[in-house]
Amino acid sequence: MRIHPLTGEFAQPANETAFLAQQLPQTRALLGYTLVFCTLFYLAFSLSDLAALGYGPTYLKLCAARAVVAATAGTCAWLACHRPLTLHATRIAACAAETVALACFMVIAVQRPDEFHWHAMSLAIMLIVIYLYIPNSFANALALASAATAVFLVLTLKYGRLTVADGVTMVMLLVLANAFGALAARRFNRVSREEYQARVQLQHTAARDHLTGCYNRRYLHETLMRPGQVRTPDHGGLLTVVLCDIDHFKRINDTYGHASGDAVLRSFADLLRRMTRDGVDSVVRYGGEEFLAILPGTDLDGGIHLAERLRARFADTSVPTDDGAEHVRTTASFGVACADPAADGGPHVLRDLIAVADKLMYDAKRGGRDRVHARCACANDADGPRRAGMVNRR
């Protein structure tokens, strides 16, 4: 997950989208609270309009402008807090509120031309809020702040009555506000994403077996076995599990050493991961030399086909020993079970399927090893256990 050096955001769009999706509830809450807070202060500053202009048409015009800001920001805040806005909608709301507030601010500045030096200070504070407190992309914040600064300086040249020294000071102040605002936003972006990186890495480490890279037993029980966690395509279809056990694994450890046994485990796990669908199927190290493949949307024939391919490939694989002097060859036994979660499973369909596959796998080992035993566990299926044949996986 590379972080862009200029923006502090993830360089890869997929990583940035995943981070923003995970942060979306906090982003909506922050947007809502910030807009409410800013709106209250924006309205409160109508007192300065009254003090500067007195009660009259111009004052009422500025009150109307502030009311437009309050209505826009209030609506966006309400949507952020009470509606499940998407990330795109959240950014639209942030940009809309900021654009209206900045436009009305320019109107106020023009109506009070003798106070452009004070307006510059107010704008500097608004720029900091845009960069740091209203959640938006770095590019959006930079574009809005830069555009507002440029428009304000043009209005200052046209309507402000400032000395050259005051004008230079104002330009420097606004440039400084933009520079420090952008640097602070970049730093905030980077820190939040580094924290996310660390959290993702910790979650990955906690869920994975350190030797093979497969999911571990803890992840299976705490995540995959939770009701509704393993979903078949379009919330329908069959669910198949394949339980695998490497034959004579103790003999490998005793003969060639544990380092060579670890190499055999890694080789088998690598084969299994390559033959399953990334992001759809789940591969778990179920025990010492046992592996579990969970295949959503796959029927019994598909599970058998996967097991047969893996059985044949693994039987033809030779793994070099730790010293490289010899090569280890062995086989594996498989139990394949299938069910329809909607019709048969209830909340414990995966647990029950694993139990069936476990019995089938031990039947395969007692039947001579290096074979696949399979069974459809559907409630309406009358077929008993059977030895696998070569069939196509859907």
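**Reading the packing**

Modeller: Let us start with T90, which lies in helix α4, residues 87-111, where helices are DSSP runs of H or I with at least four residues and strands are runs of E with at least two, both numbered from the N terminus. The model is predicted, with local features needing pLDDT of at least 70 and side-chain atom pairs counting only at pLDDT 80 or more, whereas totals for chains, interfaces and linings use all residues. Residues are numbered from 1 along each chain as its sequence is written, and side-chain values use heavy atoms, with hydrogens and water left out.

Colleague: Is T90 buried or exposed, and which residues is T90 in contact with?

Modeller: T90 has a relative accessible area of 1% and is therefore buried (buried means under 20%, exposed over 50% and partly exposed in between, with a 1.4 Å probe and protein chains only). Once neighbours within four places in sequence are set aside, T90 is in contact (heavy atoms within 4.5 Å) with L24, T27, R28, L31 and L85.

Colleague: How should I read a pair of packed helices, and at what angle do α2 and α3 pack?

Modeller: Such a pair is described by the angle between the two axes and the distance between them. Here α2 (residues 46-53) and α3 (residues 57-82) pack at about 165°, with axes 10 Å apart; the axes are lines fitted to C-alpha atoms over the stretch in contact, and angles run from 0 to 180 degrees between N-to-C directions. The two helices are therefore roughly antiparallel, a label for angles over 145 degrees. On the α2 side S46, S48, D49, L50 and L53 take part, and they meet T58, Y59, L62 and R66 of α3. By class, this contact has four nonpolar, three polar and two charged residues (Ala, Val, Leu, Ile, Met, Phe, Trp, Tyr, Cys and Pro are nonpolar, Asp, Glu, Lys and Arg charged, and the others, Gly among them, polar).

Colleague: How do α6 and α7 cross?

Modeller: The axes of α6 (residues 138-159) and α7 (residues 164-207) come within 11 Å and cross at roughly 175°, so this pair too is roughly antiparallel. The residues making the contact include F138, F152 and L153 of α6 and M170, L174 and R186 of α7. The residues of this contact divide into nine nonpolar, five polar and one charged.

Colleague: Which residues touch the most other members of the largest nonpolar core?

Modeller: In soluble globular proteins, nonpolar side chains tend to be buried together. The largest core here has 34 residues, and V242, F268 and F334 touch the most other members; a nonpolar core is a set of buried Ala, Val, Leu, Ile, Met, Phe, Trp, Tyr and Cys residues joined through side-chain atoms within 4.5 Å. Helices α9, α10 and α11 are among the elements that each supply at least two residues, and α10 gives the most, with eight. Apart from this core lies another, of 30 residues, among them A101, A109, A120 and L155.

Colleague: Where is R311 found, and is R311 buried or exposed?

Modeller: R311 sits in helix α11, and with a relative accessible area of 18% this arginine is buried. Beyond its neighbours within four places in sequence, R311 is in contact with A332, F334, D370, R371 and V372. For a loop residue, take L238, between α8 (217-224) and β1 (239-246), which at 26% relative accessibility counts as partly exposed. The C-alpha atoms of L238 and A339 are 5.7 Å apart, although 101 residues separate them along the chain.

Terms used. Parallel < 35°, antiparallel > 145°, perpendicular 65-115°, else oblique.
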